[in-house]
Amino acid sequence: MNHRIVLYCSRMLETRTATAADAATLTRHRHRMFVDAGRRDNPVLHVMSQHFEPWVVRMINEGKYLGWLTEDDGKVVAGAGLLLLDWPPHPLDPRSTQRGYLLNVYVEPEYRRRKLASHLIEYALAEARRRKIRVVSLHSTDEGRPLYESNGFRQTNEMFFVEPVEP
């Protein structure tokens, strides 16, 4: 499914569905997303990327990872993904057995502040609605929080435990 986004200039950007053939691009976006958010580009991120690429191929092929990529003249400049998670019925969504998780929202630095991320988030939320998934969660940086809030996300009381990772 291709969509067109009009920029402030005469060029048209196209947004398309990601495929397993895009795994290297999705992996690069994920890696850059963490670096741009302030993580050191260290061996842990390289290990993550090495394991993420085959994982995302498998998830796309199984229909559990849905992704969208925005291109400018064939060059991918932005992307986002929606992971479909098995989830028990919950008071926020008492009938569904799935929840969505928005991830890998990334825009190349020279394309930021053009609402590309908002458009990609809209595609992910529209797909969640189409599948009757009422709850979509994500993790955000402080810098990204206004973007997600402007797209209808709100803070929750979620907490998580994380075992330390060796550097």
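## Briefing on a predicted single-chain fold

Buried residues make up 41% of the 167 residues in the protein chain. Please keep in mind that this is a predicted model.

**Overall fold and dimensions**

- Along the principal axes, the C-alpha atoms fill a box of roughly 45 × 40 × 30 Å.
- Take the contacts between residues at least 6 apart in sequence: 58% of them join residues at least 24 apart.

**Surface and charge**

- The accessible surface of the chain is about 10600 Å², and carbon and sulfur atoms account for 53% of that area.
- There are 24 positive and 21 negative side chains, and the centres of these two sets are 5 Å apart.

**The nonpolar cores**

- In soluble globular proteins, nonpolar side chains tend to be buried together.
- The largest nonpolar core here holds 25 residues, and Trp68, Leu82, Leu102, Leu116, Val136, Tyr148 and Phe153 have the most contacts inside it.
- At least two residues of this core come from each of strand E3 (65-72), strand E4 (75-86), strand E5 (98-107) and helix H3 (116-130).
- Helix H3 gives the largest share of this core, with eight residues.
- Another core, of 13 residues, lies apart from the largest one, and its members include Leu26, Phe52, Ile60 and Leu83.

- Leu102 is worth a look, as one of the residues with the most contacts inside the largest core. Setting aside residues up to four places away in sequence, Leu102 touches Gly81, Leu82, Ile121, Ala124, Val136, Ser137, Leu138, Tyr148 and Phe153.
- Trp68 belongs to strand E3. Its relative accessible area is 7%, so Trp68 is buried.
- Trp68 and Ser137 are 69 residues apart in sequence, and their C-alpha atoms are 17 Å apart in space.

**Positive phi at two residues**

- Asn104 has a phi near 60 degrees, which is positive in a residue other than glycine. Asn104 sits in strand E5 and is buried, because its relative accessible area is 3%.
- Lys115 also shows a positive phi, near 70 degrees, and is likewise a residue other than glycine. Lys115 is placed in the loop between E5 and H3, and its 57% relative accessibility means that Lys115 counts as exposed.

**A buried strand residue and an exposed loop residue**

- Thr15 is part of strand E2 (residues 12-17). With 0% relative accessibility, Thr15 counts as buried.
- Although Thr15 and Tyr123 are 108 residues apart along the chain, 9.5 Å separates their C-alpha atoms.
- Pro94 is in the loop between E4 and E5. Its relative accessible area is 52%, so Pro94 is exposed.
- Pro94 and Arg134 are 40 residues apart in sequence, and from C-alpha to C-alpha they are 9.5 Å apart in space.

**After helix H4**

- Asn151 lies in the segment after helix H4 (145-150). Buried means under 20% relative accessible area, and Asn151 is therefore buried at 15%.
- Beyond its neighbours within four places in sequence, Asn151 is in contact with Ser118, Ile121, Glu122 and Leu125.
- Asn151 and Thr25 are 126 residues apart in sequence and 25 Å apart in space, taken between C-alpha atoms.

Key. Residues are numbered from 1 along each chain as its sequence is written. This is a predicted model: local features need pLDDT of at least 70, side-chain atom pairs count only at pLDDT 80 or more; totals for chains, interfaces and linings use all residues. Side-chain values use heavy atoms; hydrogens and water are left out. Buried means under 20% relative accessible area, exposed over 50%, partly exposed in between (1.4 Å probe, protein chains only). Contact means heavy atoms within 4.5 Å. Accessible areas come from the Shrake-Rupley method with a 1.4 Å probe; for residues, only the protein chains shown count as cover. Lys and Arg count as positive and Asp and Glu as negative; His and the chain ends are not counted. The place of a charge is taken as NZ of Lys, CZ of Arg, CG of Asp or CD of Glu. A nonpolar core is a set of buried Ala, Val, Leu, Ile, Met, Phe, Trp, Tyr and Cys residues joined through side-chain atoms within 4.5 Å. Helices (H or I, at least four residues) and strands (E, at least two) are DSSP runs, numbered from the N terminus.
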